[in-house]
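The following paragraphs lead the reader through one protein chain, from single residues to the chain as a whole. Please keep the sequence and the structure in view while reading.

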Amino acid sequence: MDQISEKSSPHVPVPPEAFNFSAHLLALNSSRGTKAAFVDNRGTLSYGDLEDRVRRIASALRDLGIKREERVLLAMQDCTDWPAAFLGAIYAGIVPVAVNTLLTADDYAYMLEHSRAQAVLTSGDVLPAIKGALTKSDHEVRKVIVSHPIASLDFGEIALETVVETHAPMARPARTHCDDPAFWLYSSGSTGRPKGTVHSHANPYFTAELYGKAVLHLTETDICFSAAKLFFAYGLGNALTFPMSVGATTLLMPDRASPDEVFKRWTGAVGGFKPTVFYGAPTGFAGMLASPALPSREQVALRLVSSAGEALPAEIGKRFKAHFGVDIVDGIGSTEMLHIFISN
């Protein structure tokens with residue numbers, strides 16, 4: 001298992017004081033305009049089209065009167081609109097609050113009040129819970145923007161596609177600083193109410209450099225696929241900040257990561273891309289290995305598999321390697337070493 005150590009850790013330049021993480025990622029991929037950045041059930045979003053949508057969404061949020069460091073709730077299923085909305089907010093200096101899409105209206109009502117969100121970006125499937133939350137909370141929401149609506153939108157709601165079509169790209173990113181807040185994620189709430197954890201613009205930069213590159217050794221030829229969703233810190237690194245930092249392609253899946261749904265992506269049956277990197281958790285690996293539909297080694301293109309969420313049992317790692325010929329990197333140990341390195 002790869003780990004970061006004092007001897008092997010690379011020297012990573014500190015980002016400049018004026019630093020916008022969204023603009024940083026777009027600049028890294030400015031020469032990859034036609035390359036696939038994200039692939040979902042509906043199609044492919046190139047790096048060039050991603051930049052265009054990011055800057056248009058940034059412009060729209062600012063036109064709503066949302067100011068720098070104010071929050072917007074991002075309750076959207078994993079699809080190509082998610083990274084565009086997340087990075088669009090950050091590009092504008094606005095702080096996206098990425099939340100679980102399986103929560104109740106009561107949960108969202110609490111988060112709307114706690115974060116003082118000025119807008120909501122959501123999916124058509126999640127909209128009913130959001131509308132319920134809006135009736136339950138003393139909120140500050142000015143507009144609800146909906147990705148892939150599944151029904152007619154009411155007054156105060158607007159389709160994300162309309163937002164993109166009716167706004168010009170924002171000319172330049174907000175002049176944020178590396179220690180400014182970039183986004184929030186909420187804790188699970190296992191010890192009380194969920195807590196909003198604030199992440200700076202520099203935080204994802206360092207994790208991408210010190211883990212995505214130094215431990216996982218991702219490259220632009222990789223195709224990444226994460227069982228963990230983007231609203232989790234684990235999934236956000238796996239499927240957005242790590243792959244975009246090297247110009248890789250990411251597969252996004254709105255569905256639950258059941259063995260059958262994962263296998264469809266592994267074998268290229270959905271989207272036509274076979275992932276070279278997969279991120280999962282021990283419970284998921286155990287279910288896959290027990291499935292009668294487990295693909296053969298020849299059906300997949302995996303070169304790297306990572307596990308986190310809980311310690312990986314040695315027996316699962318051995319069985320997985322025996323079947324696929326690939327080690328599972330235990331991300332628990334690696335990320336612990338990463339935190340030690342950063343703190344020192």
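In which loop is glutamate 69 found? The model is a predicted one, and in it glutamate 69 belongs to the loop between α2 and β3, the latter spanning residues 71–75. The backbone of glutamate 69 has a positive phi of about 75 degrees, although the residue is not a glycine. Most residues other than glycine have a negative phi. With a relative accessible area of 36%, glutamate 69 is partly exposed.

Histidine 217 is a further case: its phi is positive, about 55 degrees, and it is not a glycine. The loop that holds histidine 217 runs between α7 and β10 (223–226). At a relative accessibility of 44%, histidine 217 counts as partly exposed.

Two glycines may be considered next. Glycine 93 follows α3 and has a positive phi, near 80 degrees. Glycine 325 lies in the loop that joins α11 (314–324) to β14 (328–330). The relative accessible area of glycine 325 is 41%, so this residue is partly exposed. When residues up to four places away in sequence are not counted, glycine 325 touches Arg297 and Phe320. Glycine 325 and arginine 297 are 28 residues apart along the chain, and their C-alpha atoms are separated by 7.5 Å.

Helix α1 covers residues 21–28; because 6 of its 8 residues are buried, it is largely enclosed by the rest of the structure. The buried residues of α1 are Phe21, Ser22, Ala23, His24, Leu25 and Leu26. Their cover includes the helices α2 (47–63), α3 (81–91), α7 (202–213) and α8 (233–246).

Within α1, phenylalanine 21 deserves a separate look. Its relative accessibility is 1%, and it therefore counts as buried, the limit being under 20%. Leaving aside neighbours within four places in sequence, phenylalanine 21 is in contact with His201, Pro204, Tyr205 and Thr241. Phenylalanine 21 and alanine 202 are 181 residues apart in sequence, yet their C-alpha atoms are 7.1 Å apart in space.

Helix α3, one of the elements that cover α1, is itself mostly covered, with 11 of its 11 residues buried. Among the buried residues of α3 are Asp81, Trp82, Pro83, Phe86, Leu87, Ile90 and Tyr91. Gly88 and Ala89 also belong to this buried set.

Another phenylalanine, residue 263, has its place in helix α9, which comprises residues 259–266. Phenylalanine 263 counts as buried, at 5% relative accessibility. Not counting residues up to four places away in sequence, phenylalanine 263 touches Met288, Ser291, Ala293, Leu294 and Pro295. The C-alpha atoms of phenylalanine 263 and lysine 274, which are 11 residues apart along the chain, are separated by 10.0 Å.

The cysteines come next. How many disulfides does a search of the whole structure find? The search finds 0. A disulfide is a covalent bond between the sulfur atoms of two cysteines. The cut-off for such a pair is 2.5 Å. For cysteine 79, the closest cysteine sulfur is that of cysteine 224, and the two sulfurs are 18 Å apart, which is too far for a bond. Cysteine 79 is buried, with a relative accessible area of 5%. Cysteine 178 also counts as buried, at 13% relative accessibility.

What remains is the chain as a whole. The chain contains 12 helices and 14 strands. For its 344 residues, a compact globule would have a radius of gyration near 20 Å; the value for the chain is 20 Å, so the two agree. Taken along the principal axes, the C-alpha atoms fill a box of roughly 55 × 45 × 45 Å. Of the 344 residues, 54% count as buried. Among contacts between residues at least 6 apart in sequence, 73% join residues at least 24 apart.

The accessible surface of the chain comes to about 14,800 Å², with 52% of it belonging to carbon and sulfur atoms.

Technical notes: Residues are numbered from 1 along each chain as its sequence is written. This is a predicted model: local features need pLDDT of at least 70, side-chain atom pairs count only at pLDDT 80 or more; totals for chains, interfaces and linings use all residues. Side-chain values use heavy atoms; hydrogens and water are left out. Buried means under 20% relative accessible area, exposed over 50%, partly exposed in between (1.4 Å probe, protein chains only). Helices (H or I, at least four residues) and strands (E, at least two) are DSSP runs, numbered from the N terminus. The radius of gyration is taken over C-alpha atoms; the globule rule is 2.2 Å times the number of residues to the power 0.38. Contact means heavy atoms within 4.5 Å. Accessible areas come from the Shrake-Rupley method with a 1.4 Å probe; for residues, only the protein chains shown count as cover.
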